[in-house]
Amino acid sequence: MTRRSVTDTVLDTARHRLKLCGALALVLLCSACGDGIPKDKDDEDGGDPQPPPVAALSILAGDATIEGTMDGAGTAARFKWPQGITIDADGNLYVADTGNFVIRKITPAGVVTTVAGAAGTSDFVDGNAGNARFVNPVAVAVGRNGTIHVADNLRIRSITTAGRVSTTALIPIGSNVSGGRVATVVPGAIAVDANDNLFVTNGYGTRRISGGNTLMLEGQSVVNDLGGVSLFEPRGVAVDGNNNVFVFDLEREISRWNPNGLIGTNTLVTLAGAPNARGSSNGTGNAARFEQVVGVTVDAQGNVYAADAINNLVRRITPAGVVTTVAGTTRSMTLRTGDLPGSLADVRGVVTDGKGNLYVTSGNAVVKIRLP
């Protein structure tokens, strides 16, 4: 057994007392400062200062007031009268760049490329991406397998993931239809369901095209004896995850079609709007008014978002038919970014990414709306 000297014992006692004094000082310091060891203000707030929230309405690509043909990133890219817009499973957007006669792709980072067609060249030519030609691409929809469907004048075109363009359907023209009334026949919107059935609207009907067969949800397949002159007035159509179809119908209402119901006349259920009434009023059911809903999209909760042209608004219609305005100032023609509601230039198309964001073609730009 090792004996400890008196000197060692004294030193140990001194060390013990020194530790006790240090601990007591730390306790007194913590008590004086409140809850634990003092923190910087940033630490109290949960770490480094948080960046300010992103503007609710911002430009993803293009410039609302400047048209052009340029591929590129963000505001360096240029479009010419973009209309229909859709989104794939990876978050890539596809735009019918009508004035350029091409289909464009926008990545989630805002990088714009041309998928098919040649800017400035108008024709009906099937073939591989760069060799294909479009005449009047106004609407797009992407299927679950990545195929892009395009409403191009009286033709329905498709673009495979390999870039092959083909014509899959023709919209018939009735007899004795004047050239000035062809705009009534031309499809203005297109949607696709999980079974690759296409839904197409024109001035007098909403049709489902399936395996080469056409069935009418409303209106007529063909109308004869159309004279005079008419304007091109697209009517938006969209399909949700349960294959329910939502359409701005022939009576200017937002209606729903159940795929399990009968196909034919009077099979649409109205959500909002009043027959053949125009306006911008919000409200429930038939108290609401729309001008010209050129595009619709549906989120996972069953909310329908409508691109209401002329009013230049984006409207929300809940499953209960309650209509509110989420973006835009009524009949404004100028894009104003920042906090909602902001204002929008000409509104031509809308799509949701399912993550609380909408993308809208507005003027010559594609804008992102971060919903509250």
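Two residues are in contact when heavy atoms lie within 4.5 Å. By this criterion, residues 24 or more positions apart account for 45% of the contacts in the protein with a separation of 6 or more. The structure is a predicted model, in which local features need pLDDT of at least 70, side-chain atom pairs count only at pLDDT 80 or more, and totals for chains, interfaces and linings use all residues. Residues are numbered from 1 along each chain as its sequence is written, and side-chain values use heavy atoms, with hydrogens and water left out.

The protein has 3 helices and 27 strands. These are DSSP runs numbered from the N terminus (helices: H or I, at least four residues; strands: E, at least two). Of the 372 residues, 48% are buried (under 20% relative accessible area; exposed is over 50%, partly exposed in between; 1.4 Å probe, protein chains only). The accessible surface comes to about 17,800 Å² (Shrake-Rupley method, 1.4 Å probe; for residues, only the protein chains shown count as cover). Carbon and sulfur atoms contribute 52% of this surface.

Strands pair if DSSP finds at least two bridges between them. Strand 21 is joined to strand 22 (residues 304-309) by 6 bridges, and the two run antiparallel. Here valine 296 stands opposite alanine 306 in strand 22.

Threonine 147 lies in the loop between strand 8 (137-142) and strand 9 (148-152). Its relative accessibility is 14%, so threonine 147 counts as buried. Beyond its neighbours within four places in sequence, threonine 147 contacts Ala141, Val142, Ser158, Ile159 and Thr160.
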